[in-house]
Amino acid sequence: VTVAARPATPARTPAELDDVTLRRACRGDAMAWRALVERYQRPVVALLSRMLGPGRRAQVEDLAQETFLHVVRGLDGFAPGGPAKLSTWILTIAARRAIDELRRRAPAPALVEPAGGERGDDALHRAELAAAIRRAIADLSPEYRAAFLLREYHGLDYAEIATALAIDLGTVKSRLSRARAALRAALAEVHP
Amino acid sequence: MTDRAPDDLEPELGAAERARLEAWTADAPPADLADRVIAAARGEPATSHTPVAGPRRHARVVAAFLAGALVTAAATVVIVRRPDSAHRAAAGARVTTARESIALGHRGIAVAEPGASLAWHVDADGAARVEQSAGDVFYRVEPGGAFVVATAAGEVRVTGTCFRVEIQMKPSASSLKGAAVGAALAAVVVVTVYEGGVVVAGDNGDQRVAAGERVVVGEDASAIALGAPPPVDITRDQLLVRDATQRRIIAELTARVAGLEPHVAGPREAIRTLRRGDPRDHADDDGDGRPWFDPSPELLAQFAAECRIRFDTPPIEGTEPFQLPADYAAEAGIAPAELTAINAGIRELHARWKARLIALYLEATGEVDRDRADAMSPSALAREIEDKGAEGEADEIRARIARERAGLARPPADLSQTSPVERYLRSIITLGDEMETIVARAVGPARARALRELNDGWGSKHEMSGCSTR
């Protein structure tokens with residue numbers, strides 16, 4: 001078994017916020033807050049929307065807002081030179097909020113897959129593929145889902161995932177392994 | 001499911017499998033997420049969750065009337081925070097596209113070259129801090145407390161009056177090791193002192209730099225003070241070369257100061273005036289007996305030479321119109337009926353402004369999805385419109401408007417033939433007048449003017465300056 005340090009594809013996280021803007025944000029500068037939100041909003045919303053699944057746009061927006069509110073209010077506690085990157089810290093907050101939300105709320109509305117319509121073969125294939133991945137991820141528990149998404153869509157390494165989800169490294173490997181198996185099974189149903 | 005690690009872990013995904021993951025696209029963030037976060041952080045209690053349909057969706061800012069105006073990216077904004085102090089607290093941020101003079105509250109002037117990026121905060125007690133993240137900026141500092149320029153490579157603490165901070169991004173040998181090219185740049189900061197002195201605090205400790213000296217600080221560049229004593233073993237020829245070099249540098253510095261002084265003179269006078277007066281009095285920053293937003297003909301002529309325009313705007317940049325709180329109004333001597341008129345005016349102008357911006361946005365960008373434009377805040381729409389302008393276009397328009405305001409040129413006969421960027425700029429600079437007209441319908445022209453003068457304008461004070469060299 002080969003365990004790579006990071007996924008082979010580029011991480012979907014943006015370049016980190018510069019130190020000057022970060023310090024301004026720590027001091028409560030609203031323009032710096034704006035820069036911070038605009039820098040990280042795309043991966044945060046992406047993580048939350050994949051965690052919560054379709055039909056929960058309003059919840060995703062609320063959780064994104066709560067995530068960034070928590071971030072700007074907690075910046076004093078973030079150590080810029082510390083072990084965690086700002087993006088990892090923010091994604092950690094988002095992931096934990098999503099897990100809490102999924103534990104607290106009722107199951108997502110029944111998934112209605114978009115109709116194929118008159119799309120071409122390629123678009124249809126991608127839609128089928130996306131639906132298969134969504135179904136596979138939706139079948140995972142929130143904790144497994146978070147580990148998989150942080151790894152495969154946001155490029156976190158095992159140690160960062162362990163810290164983010166407050167679990168040990170072995171558990172990270174175990175969860176990712178099961179998530180990959182589920183994903184492979186789902187992908188096998190869709191022709192390449 | 002159990003978390004116990006299995007004996008055989010499922011292998012990592014391969015490149016082909018990861019490529020297939022891309023089929024699952026994610027939602028895009030809402031256009032107003034930053035507005036909502038800022039509004040919630042400033043004006044709402046720290047609840048962990050509030051209903052979506054509740055106040056969190058509204059950019060309701062209650063900290064202060066003046067702080068409620070969101071900053072447009074292209075404007076210098078001075079935010080008055082405490083009107084009852086001897087000096088005004090001020091803060092702002094600027095990314096320059098042309099040379100600009102920027103008043104740093106009552107503490108000094110920054111002359112920023114194109115490409116400079118700085119943010120500043122000046123307390124009412126005079127302590128000033130500037131964060132300079134890029135570019136070349138000349139500073140003239142007035143006495144009155146700590147004055148610090150923070151850069152990525154260290155801090156410059158001012159003990160003198162006149163210096164320049166230049167940030168250059170250079171390849172870094174250490175960060176090149178195993179890093180992406182984008183990350184392989186390090187900030188090298190060049191500090192040149194013209195008068196007085198500064199202390200540069202970097203990783204290698206503090207270093208005093210006196211007038212006529214220059215110091216280079218940053219990764220791979222140990223501090224080099226050109227004014228340091230010569231080595232004891234220097235030869236006569238080396239001493240002559242060193243002397244000639246220093247003379248050339250001093251001549252360059254002298255010429256640079258001479259070139260910048262006229263640029264600085266106007267704002268310096270404004271600062272002196274600002275420091276003399278009680279901020280609660282009607283604005284007389286220019287010492288001409290006129291409100292800040294209504295400069296004298298002489299000042300307008302000076303502005304034309306500097307390609308400078310000045311204007312005030314009500315707080316209408318957010319997703320929702322700001323509403324002046326009753327307690328602030330009472331403290332400022334605004335009667336309840338006048339408060340109603342002001343808040344109604346802000347709402348009316350917000351709606352007008354947004355409709356105007358949407359039309360310009362659709363024209364400038366070619367966007368056909370009106371709903372998408374409708375979801376954007378006025379400040380976001382404005383940024384998009386500005387971004388669609390040709391390089392240097394905004395500078396040229398600003399120069400023409402400055403000349404028109406001084407009576408040195410005629411405005412275009414048919415504005416509909418001008419570009420969206422020009423119509424946007426011409427519209428934003430008249431928002432203060434438009435607000436006054438709206439409020440005057442309810443309280444009369446004289447009182448509307450008086451209300452506008454209460455805080456030097458309706459909310460935010462903007463100045464843009466710098467003539468294009470093209």
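Predicted model: local features only at pLDDT ≥ 70, side-chain atom pairs only at ≥ 80, totals over all residues.
Figure 1. The chain contains eight helices and zero strands, and its elements follow the order α-α-α-α-α-α-α-α along the sequence. Chain A has 192 residues, of which 54% count as buried. Its accessible surface amounts to about 8400 Å², and carbon and sulfur atoms account for 55% of that area.

**Figure 2. The hairpin of strands 7 and 8 in chain B.** Strand 7 of chain B spans residues 147–151, and strand 8 of chain B spans residues 154–158. A hairpin of two residues connects strand 7 of chain B to strand 8 of chain B. The two strands pair in the antiparallel sense, with four bridges between them. Within this pairing, Val149(B) has Val156(B) in strand 8 of chain B as its bridge partner.

**Figure 3. The two faces of strand 8 in chain B.** In a regular strand, side chains alternate between the two faces of the sheet. On strand 8 of chain B, the covered face consists of Gly154(B), Val156(B) and Val158(B). The uncovered face consists of Glu155(B) and Arg157(B). Val156(B), a residue of the covered face, is also the bridge partner of Val149(B).

**Figure 4. Packing of helix 7 against helix 11 in chain B.** Helix 7 of chain B covers residues 336–365, and helix 11 of chain B covers residues 420–428. Their axes come within 9 Å and cross at roughly 165°. Helix 7 of chain B is therefore roughly antiparallel to helix 11 of chain B, as angles over 145 degrees are counted in that class. The crossing of these two helices is left-handed. From helix 7 of chain B, the residues in contact are Trp353(B), Arg356(B), Leu357(B), Leu360(B), Glu363(B) and Ala364(B). They meet Pro420(B), Arg423(B), Tyr424(B), Ser427(B) and Ile428(B) of helix 11 of chain B.

**Figure 5. The setting of Val189(B) in strand 10 of chain B.** Strand 10 of chain B, residues 185–195, includes Val189(B). The relative accessible area of Val189(B) is 3%; this residue is therefore classed as buried, the cut-off being under 20%. Val189(B) and Asp136(B) are separated by 53 residues in sequence. In space, the C-alpha atoms of Val189(B) and Asp136(B) lie 9.6 Å apart.

Note on methods. Residues numbered from 1 in each chain as written. Chains lettered and ligands numbered in written order. Heavy atoms only, no water. Buried < 20%, exposed > 50% of the residue type's maximum accessible area, 1.4 Å probe, protein only. Pairing = 2+ DSSP bridges. Areas by Shrake-Rupley, 256 points an atom, 1.4 Å probe, with all protein chains shown as cover. Axes fitted to C-alpha atoms, helices over the stretch in contact; angles between N-to-C directions. Parallel < 35°, antiparallel > 145°, perpendicular 65-115°, else oblique. Left-handed = near helix turned anticlockwise from the far one by under 90°. Contact = heavy atoms within 4.5 Å.
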